[in-house]
Amino acid sequence: LKGGLKTVPHSDLFDERYFRFVQFLCDYYFCSLGVGLRTALPSYMITAKKLPPHQEPEQRTAPNKEQSRQNSYIWGDEAYRFQEYKKLIFKTLERKEQVLFLVPEKSSLEYYKSFLLTCTTEDDIAVLSSNISDKKYFLEWLAVREKKKHVALGTRSAVFSHYADLSLVILDQENNASHKSWGMHPKYDTRTLAAFASHTFNALYVMGDSMPRVESYYHIAKGHLRLQSADKEHHLPLCPQIIDMKNTPRTGTLANTVQQLLKDASKEKKALVLVNRRGDSPITLCRDCGYVERCPSCTTSLVLHAPVRAGDKESLRCHHCGFSKETETLCPHCKGSRLASFGVGIQKVESDIRALRPTASVLRIDSDSANEHAINQKYINNADIIVCTTFALRFLRDTLFEYSVIASADNL
């Protein structure tokens, strides 16, 4: 088989359903069966000459009453999601069926395990992650296959476990990018594979987060996913208005429509402006020869940062390695004087807002401003307009906004 496997190793350990699941991985992400099996199967299972004794699992004897339920999305804060997860897990374990609980990052496994311990015992939980040895991982994988453990907790690779009686698949923090495999081939998405696994093993699929991805929002709106939230009426928020900046009257970086909204902003009716790009301008180039200022180490374009305090000077910074230098008046390549900066950064948007509302309290929150002053709730409460990057969202969970604007949404 292409992918480094001459034969399918220990093929007696997985059934036709599991093989069909791996085949979906290969077809969907355009990889050979050998690569798919090497991705899905535990490493120890491929490299070990002799495996520990194993037995055939007890198969499901009765149809699952939950099978007719539609896959759902639990939309809410962590406390609400955990409350709903707990109800579903209890029902599943009462029927002595299996649960797969997928999380985005291995650093949070202990936290999620402490939650699952409120639902079952430690001996009933298999933790599947790269933190453990290959042999230990295989033994946990085998325990799930033989139904010796009813709950499987893990990161991306846990979706490839073999289940004897899978009835419930829970994927928390579905908006987290770590659910996507970026650094290896195939670059699979755990959310897609979890959906197919639930279909293959005839299980209920439940996702949850405080804010869904655009794809999940679409599936909820189309009725493919049942929305469940603390709001009894289960309403989706209003669809945002998209403004095409090419064909819209504007002054500076702000469309006229946005300017009207910001003019009404106050402490009681706060406005949030999200600009997910630090600095003032992302590119500085020479209009004579086309030279672009780049980092000597990373070769990425240097970002222009406007002075923050009196006496500071403009600087060009690399956001990857931290390299910094003062701006130059002449092009280093052709010695021309037509150096110019292009693009929109958070400092430029902040400057335009301050020009529009000179008397308003405007607060910028990004990783640069966090180094300048401590961010606390007092600053946030006193602000009329908050301009921020995604860095700031952790500080704004309990803040209500009347208006929300995303500038340069294509860069998200």
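Which residue stands opposite Leu153 in E4? The close-ups below come from a predicted model.

**View 1. Strand E3 beside strand E4.** Val127 is the residue opposite Leu153 in E4. Strand E3 covers residues 125-128 and pairs with E4 over four bridges, in the parallel sense. From E3 to E4 the chain passes through helix H6, residues 134-145. This β-α-β crossover is right-handed.

**View 2. Strand E2 beside strand E4.** Strand E2 (residues 98-102) and E4 run parallel, joined by four bridges. Leu100 faces Ala152 of E4 across the pairing. Leu102 stands opposite Gly154 in E4.

**View 3. The two faces of strand E4.** E4 spans residues 151-154. Val151 and Leu153 point one way from the strand. Ala152 and Gly154 point the other way. All of them are buried.

**View 4. The open sheet.** Seven strands line up in the order E3-E4-E2-E5-E6-E1-E7, with parallel pairing. E3 and strand E7 (226-229) stand at the edges. Each has a single partner strand, so one side of each is left without a neighbour in the sheet. From one strand to the next, the twist averages 20 degrees.

**View 5. Helices across the sheet.** Helix H5, residues 109-116, lies across E2, E3, E4 and strand E5 (166-172). H5 runs at about 160 degrees to E4. Helix H7, residues 190-200, lies across E2, E5 and strand E6 (204-209). H7 runs at about 165 degrees to E5.

Technical notes: Residues are numbered from 1 along each chain as its sequence is written. This is a predicted model: local features need pLDDT of at least 70, side-chain atom pairs count only at pLDDT 80 or more; totals for chains, interfaces and linings use all residues. Side-chain values use heavy atoms; hydrogens and water are left out. Buried means under 20% relative accessible area, exposed over 50%, partly exposed in between (1.4 Å probe, protein chains only). Two strands pair if DSSP finds at least two bridges between them. A crossover is right-handed if, with the strands pointing away from the viewer, the path from the first strand over the helix to the second runs clockwise. Axes are lines fitted to C-alpha atoms, for helices over the stretch in contact, and angles run from 0 to 180 degrees between N-to-C directions. Contact means heavy atoms within 4.5 Å.
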